[in-house]
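I'm opening my notebook on a structure that is new to me. Entries follow in the sequence I looked things up.

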Amino acid sequence: MTTEIQENHTETPLLPILDSRQYAYFFDVDGTLAEICDEPDAVTIPADVRAHLQTLFAASSGALALVSGRPVEQLDQLVSPLELPAAGVHGAEMRDGSGRMHRVTLPRHVAEEVQQTLEAGMNALPGTLLEIKGMAFALHYRQAMLHQQQVLALAESVVAKFPELVLQPGKCVLEIKPRGKDKGAAIYTFMQQTPFSGRIPVFVGDDLTDEKGFEVVNAMRGITVKVGEGSSLAQYRVKTVHDVYRWIEALQRHTLTFKKEFEL
């Protein structure tokens, strides 16, 4: 780590500029690499941010992964033309550093019954949105806050019936996912594999779903960054997604400077 720092104008310590040869980077997506939108399909990651991520990916010898509640297929679309290691659906599906995919599946009868129950319940609540992810389900109510308690009751009723599932609250969303799968477990799994093993983990996230990741990375004596307000286990805090963009740009600029000096 160098002594150079990124000015982010937060009340917590300034984010350090890191030597990417020593670190493994993990980024949440919505609310971290992309602004949160009312419609999940409207989310984008700016082209210059994707270019900076590509620089960090190369500088870290491929030790950069996305860790998200979104399916891996959606993550690929958001960072195209990059294809990064990724943990989708909170780790229920993972593409490791070698490009191999690993997926958890629900028994067919369970997936079908859960989907039918949720579709019927959410259709009765105007303004809510059900996102079907195969082995997981996201119940969005950002545009229908008056139905928050009904959405919660619906989700809790499903989880109570199927013990293999667990409820994960988020920002204006409730996710139903396979038990035992979370972002902390996903990061821990990555850190046992090439090219992540032997490095210091760095995780940036914004939501309740990221706290498990912060817990694991803190235990590994890594670096954790919370985006936005709210209590958190993270060591550092920035205010907005654009603060994350500026930090990533500073990291890649430091990487390019180091590479130029090395080549000279």
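**Strands E3 and E4.** I started with Phe 26 and found that its bridge partner in E4 is Ala 65. E3 (residues 23–27) and E4 (residues 64–67) run parallel and are joined by three bridges. For my own reference, strands (E, at least two residues) and helices (H or I, at least four) are DSSP runs numbered from the N terminus, and two strands pair if DSSP finds at least two bridges between them.

**A note on the model.** This is a predicted model, in which local features need pLDDT of at least 70 and side-chain atom pairs count only at pLDDT 80 or more, while totals for chains, interfaces and linings use all residues. Residues are numbered from 1 along each chain as its sequence is written, and side-chain values use heavy atoms, with hydrogens and water left out.

**The open sheet.** Where do E3 and E4 sit in the strand order? I read it as E7-E6-E5-E4-E3-E12-E13-E14, an open sheet of eight strands with mixed pairing. Its edge strands are E7 (101–103) and E14 (236–238), and each pairs on one side only.

**Strand E11.** Next I checked E11 (residues 173–178): six of its six residues are buried, so the rest of the structure largely encloses it. Buried means under 20% relative accessible area, exposed over 50%, and partly exposed in between (1.4 Å probe, protein chains only). E9 (residues 137–140) runs antiparallel to E11 with four bridges, and Phe 137 has Ile 176 as its partner there. E10 (residues 165–170) is also antiparallel to E11, through six bridges; Leu 165 is partnered with Pro 178. E10 and E11 make a hairpin with two residues between them, and Cys 172 in the turn has a positive phi of about 60°.

**Helices H5 and H6.** How do H5 and H6 cross? The axes of H5 (residues 183–191) and H6 (residues 211–219) come within 6 Å and cross at roughly 40°. That makes H5 oblique to H6. Axes here are lines fitted to C-alpha atoms, for helices over the stretch in contact, with angles from 0 to 180 degrees between N-to-C directions; under 35 degrees counts as roughly parallel, over 145 as roughly antiparallel, 65 to 115 as roughly perpendicular, and the rest as oblique. Lys 183, Gly 184, Ile 187 and Tyr 188 of H5 meet Lys 212, Gly 213, Val 216 and Val 217 of H6, where contact means heavy atoms within 4.5 Å.

A salt bridge is a side-chain nitrogen of Lys or Arg within 4 Å of a carboxyl oxygen of Asp or Glu; I get 13 of them in the whole structure.

**Arg 70 and Asp 30.** These side chains meet in another salt bridge, 2.7 Å from N to O. Arg 70 is buried at 7% relative accessibility, whereas Asp 30 is partly exposed at 22%.

**His 90.** Last entry: is His 90 buried or exposed? His 90 is buried, at 1% relative accessibility. His 90 is in the loop between E5 (86–88) and E6 (93–95), and its contacts include Ser 68, Glu 175 and Lys 183.

Methods: Lists of a residue's contacts leave out its neighbours within four places in sequence.
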